[in-house]
Amino acid sequence: MRESTKQTIAPLLGVLRSYAMLEEVREAEFYLRGVDFVHFHETADGVIADVLLAKGRVSMPVRDSSEQAELLERIESRLSSLEEHAKHRQGRKKKRRGAYD
């Protein structure tokens with residue numbers, strides 16, 4: 001990845017690195033639970049993010065701060081949804097265990 005591309009997405013990468021659920025396996029490539037969640041590549045039109053959302057893999061441009069903000073909103077929504085699902089499952093397990101105590 002070119003240095004100019006790295007500079008363009010540096011703020012975005014900083015935010016992604018702050019999410020405990022994501023693991024950066026290579027520079028600008030993040031996994032979620034062992035699966036490729038989001039990575040970036042260069043095209044003739046600029047930088048593109050390929051991200052795995054609830055409806056499948058989506059390619060989104062991230063050439064400027066507004067496009068990067070849109071990507072982050074979608075990622076945050078997806079991660080929040082996964083966290084809520086995990087909490088719900090944990091609550092159900094506790095209820096089941098409590099029934100047998």
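Select Glu67 and Arg63 to begin: the two form a salt bridge, with the closest N and O atoms 2.7 Å apart. A salt bridge here is a side-chain nitrogen of Lys or Arg within 4 Å of a carboxyl oxygen of Asp or Glu. Glu67 is buried at 14% relative accessibility, and Arg63 is partly exposed at 42%. Buried means under 20% relative accessible area, exposed over 50%, and partly exposed in between, using a 1.4 Å probe and protein chains only.

This is a predicted model, in which local features need pLDDT of at least 70, side-chain atom pairs count only at pLDDT 80 or more, and totals for chains, interfaces and linings use all residues. Residues are numbered from 1 along each chain as its sequence is written, and side-chain values use heavy atoms, with hydrogens and water left out.

The structure holds 6 salt bridges. Side chains of opposite charge can pair when their charged atoms come close.

Next, select Arg26 and Glu29. Their salt bridge has its closest N and O atoms 3.6 Å apart. Glu29 is buried, with a relative accessible area of 17%.

Then go to Asp36 and Arg57, another salt bridge, where the closest N and O atoms are 3.9 Å apart. Asp36 lies in strand S3 (residues 35-43) and Arg57 in strand S5 (residues 56-61), so this pair ties together parts that are 21 residues apart in sequence. Asp36 counts as buried at 18% relative accessibility, while Arg57 is partly exposed at 41%. Strands (E, at least two residues) and helices (H or I, at least four) are DSSP runs, numbered from the N terminus.

Now show the sheet as a cartoon. It is an open sheet of 5 strands in the order S1-S2-S3-S4-S5, with antiparallel pairing. Strand S1 (22-26) and S5 are its edge strands, each pairing on one side only. Neighbouring strands are turned by 25° against each other on average, direction ignored. Two strands pair if DSSP finds at least two bridges between them.

Select strand S4 (residues 46-53) together with S5: they pair in the antiparallel sense over 6 bridges. Pick Ala49, whose bridge partner in S5 is Met60.

Finish with helix H1 (residues 3-18), which lies across S1, strand S2 (29-32), S3 and S4. Contact means heavy atoms within 4.5 Å. Helix H1 runs at about 165° to S3. Axes are lines fitted to C-alpha atoms, for helices over the stretch in contact, and angles run from 0 to 180 degrees between N-to-C directions.
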